[in-house]
Every structure is written in C-alpha cells, then in structure tokens.
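Hi,

Here is the structure I said I would pass on.

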Amino acid sequence: MSDTHEALSALAALEARLNRLEDARAVEQLKYRYAAHCDNAYDAQGIASLFTPDGRWVVDGEGGSNTGRVEITEHFKDLPKKILWAQHYVINPQVEIAEDGLSAIGNFRLLCLCTIARTDDAGAQDAVILTIDYTDRFVKRDGQWYFQELRGRTHQVSNWDQGWVKQPFRE
C-alpha cells in the first residue's frame, strides 16, 4: 500500500467519525428543539414540523398516541389549556447512529416542571413535577433529521406539594 493510499484511507475514516459525531449532535439538537417548542406554550406547528409526515408521538400516562403531523398538531393545539406553563429539562442523551447514517435511536430522560389546570376546580391550578424516559427513533431525509417516533414512558406525575412518594400519579 502506498503512503497516499494510507493517508486517504485514514482521512476517510476520520471523515466518517466526524459525520457520526455531527449526526449524533444534530439528533440531540432536534430533541432540544422539541423541548423548546413545548416550553413555548406547546407550539403545535413547531412540534409537528420535527416529525416525518407519518411520524408517531406516543407517551403513556397523561400523553396519548398520535400518528402523522395532522394528529400531532391537533393534540398539541389544545394542550396549553390544560398545561398552562412548562419547563422541559431533557437530560442524559444517548444517541446511536445506524451504520448507514440514515437512522438513529436516542434515549433521553425528562424532568419537567409545569402548571396544570385542575379538572375538579375550573379556576385552580397545581404545580406539578413529572419524569419521563424516552426511546426515540429518528430518520435522516435530505440531510435533515426528523422524529420517526417519539416514545415516552412516564415514571411519575406528582403535585409539587405532595411529591412522588405521597402521590406518584395525580388524579
């Protein structure tokens, strides 16, 4: 093997590593944009734009299941009436880019502080803390990353004054 061939091979390997790192970072940034849209009064159009046209949003607990941008938009359009304020802290990102560089799986954790309207008293609100584990699937289309599926498993949804020990899930 010539020195030139070895140098080109090393350069190609370096470029592949850099692409994988950039893709992993892009996937993390996509998840953070999702959180920012949620914290912006659940910007329904912004959230839906992060998904493929046939993407799925599935969160157990107080969430639900929605397929496609139209259903996702409809779900988030009315959410600000129920969740009046929210601050999403997305932590512990673990992103695995597929060998072909066109799909990825990401695991994230969420700590969310929010104000939720009470169902038993029209004017009352509760300060709520919730935690969710996400296992999301992503695809890269035309150089852009999108959610193929956002899937969350809720650990607890507790009123702040009760905490997760006394009240793991609020009514």
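Is Glu149 buried or exposed? Glu149 counts as buried, because its relative accessibility is 14% and the cut-off for buried is under 20%. Before I go on, bear in mind that this is a predicted model.

Glu149 has a charged partner, too: its side chain meets that of Arg56 in a salt bridge, 3.2 Å from N to O. The pair ties together distant parts of the chain, with Glu149 in strand β6 and Arg56 in strand β1, 93 residues apart. Arg56 itself is partly exposed, at a relative accessible area of 28%.

In total I get twelve salt bridges. A couple of others, for contrast in setting:

- Arg25 and Glu28 pair up with their closest N and O atoms 3.5 Å apart. Both sit in helix α1, three residues apart, which is about one turn of the helix. Arg25 is partly exposed, with a relative accessible area of 46%, whereas Glu28 is buried at 17%.
- Asp78 and Lys81 meet at 3.4 Å, N to O. Asp78 is partly exposed, with 44% relative accessible area, while Lys81 counts as exposed at 63%.

Some salt bridges also share partners, and these join Arg118, Asp120, Asp126 and Arg170 into one network.

Those four names come up again in the pocket. The largest pocket has a volume of about 180 Å³. Its lining consists of Arg118, Thr119, Asp120, Asp126, Asn159, Gln167, Arg170 and Glu171. Sorted by class, that gives five charged residues, three polar ones and no nonpolar ones. If you set up anything around this pocket, the networked side chains of Arg118, Asp120, Asp126 and Arg170 are part of its lining.

Now for the nonpolar side of things. The largest nonpolar core has 37 residues, and Tyr34 and Phe76 are the ones with the most contacts inside it.

What is Phe76 in contact with, leaving aside its neighbours within four places in sequence? The list is Tyr34, Tyr42, Ala44, Ile47 and Trp57.

Cheers

Key: Residues are numbered from 1 along each chain as its sequence is written. This is a predicted model: local features need pLDDT of at least 70, side-chain atom pairs count only at pLDDT 80 or more; totals for chains, interfaces and linings use all residues. Side-chain values use heavy atoms; hydrogens and water are left out. A nonpolar core is a set of buried Ala, Val, Leu, Ile, Met, Phe, Trp, Tyr and Cys residues joined through side-chain atoms within 4.5 Å. Buried means under 20% relative accessible area, exposed over 50%, partly exposed in between (1.4 Å probe, protein chains only). Contact means heavy atoms within 4.5 Å. On a 1 Å grid over the protein atoms alone, a cavity is a set of points where a 1.4 Å probe fits but cannot get out, and a pocket is an open set with protein on both sides within 12 Å along at least five of seven lines; lining residues have an atom within 4 Å of a point. Grid points are joined across faces, edges and corners, and a volume is the space filled by probe spheres set on the points. Ala, Val, Leu, Ile, Met, Phe, Trp, Tyr, Cys and Pro count as nonpolar, Asp, Glu, Lys and Arg as charged, and the others, Gly among them, as polar. A salt bridge is a side-chain nitrogen of Lys or Arg within 4 Å of a carboxyl oxygen of Asp or Glu. Helices (H or I, at least four residues) and strands (E, at least two) are DSSP runs, numbered from the N terminus.
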